[in-house]
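Welcome! Try each task before you read its solution.

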Amino acid sequence: MKRLFLVAVVMMVSFLSIPAKAQLNVNVNIGSQPLWGPTGYDHVDYYYLPDVESYYYVPQKQFVYLNGNDWTFANSLPARYGNYNLYNGYKVVINSPKPYLNFKNDKVKYAKYKGNKGQFVIRDSRDSKYYVVKGHPHGMPPGQAKKIYGKGNNGKDHGNDKGKGHGNGKEKH
């Protein structure tokens, strides 16, 4: 009787562990995050930048900001934010599709972070998982990130211009 019970428990545990393994699939995009992004996140879709009331879309490396009544996607922030320092400004991680459509709520919800400069950024991290980010001071040798993380970061880090410049796109999403 005890063996039968033990066999039943073992079978039940093995059946319950199968779905748990399927749920461990985690999307990691550390190599795509900009040097000015905050540490502590293995995956980021968007950053909300409360100081300039704009977003940054990590997969496309584009800033998303209001230009009149339209959302503009561009490689840099508009000239009006030329004094904004991406390394010092607070970033809120948002992992939901098109968060700019929820801007009115985000503006109120994250207003408390305006002027907050205490966030640790990837560039200053000594955690080896961030060494795959292009331009990191302790970066991996060329090609190493691709071996470990797949594509790595083949694009430019558009955050190094500290927000200076004009957008080059006016795409609505």
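**Exercise 1.** Find how E2 and strand E3 (residues 62-67) pair, and over how many bridges.

*Solution.* Begin with the ground rules. This is a predicted model, in which local features need pLDDT of at least 70 and side-chain atom pairs count only at pLDDT 80 or more, while totals for chains, interfaces and linings use all residues. Residues are numbered from 1 along each chain as its sequence is written, and side-chain values use heavy atoms, with hydrogens and water left out.

Next, the terms: helices (H or I, at least four residues) and strands (E, at least two) are DSSP runs, numbered from the N terminus. Two strands pair if DSSP finds at least two bridges between them.

Within E3, Phe63 is the bridge partner of Tyr56. The hairpin of these strands has four residues between them, and there Lys61 takes a positive phi near 55°.

**Exercise 2.** Work out in which order the five strands form their open sheet, and which strands stand at the edges.

*Solution.* Read the order first: E4-E3-E2-E1-E5, with antiparallel pairing. Strand E4 (70-74) and strand E5 (92-94) stand at the edges; each has a single partner strand, so one side of each is left without a neighbour in the sheet. On average, neighbouring strands of this sheet are turned by 30° against each other, direction ignored (axes are lines fitted to C-alpha atoms, for helices over the stretch in contact, and angles run from 0 to 180 degrees between N-to-C directions).

E3 and E4 run antiparallel and are joined by five bridges, with Asp70 in E4 as the bridge partner of Asn67. Their hairpin has two residues between the strands, and Gly68 takes a positive phi near 75°. For E5, the antiparallel pairing is with strand E1 (residues 46-49), over three bridges; here Tyr46 stands opposite Ile94.

**Exercise 3.** Decide whether Tyr55 is buried or exposed, and find what its side chain joins in a polar contact.

*Solution.* Locate Tyr55 in strand E2 (residues 54-57). Its relative accessibility is 0%, so Tyr55 counts as buried (buried means under 20% relative accessible area, exposed over 50%, partly exposed in between, with a 1.4 Å probe and protein chains only).

Finally, follow the side chain: a polar contact of 2.7 Å joins Tyr55 to the side chain of Asp106. Such a contact is a pair of N or O atoms within 3.5 Å; within protein, one must be able to donate a hydrogen and the other to accept it, and residues adjacent in sequence count only if both atoms are side-chain atoms.
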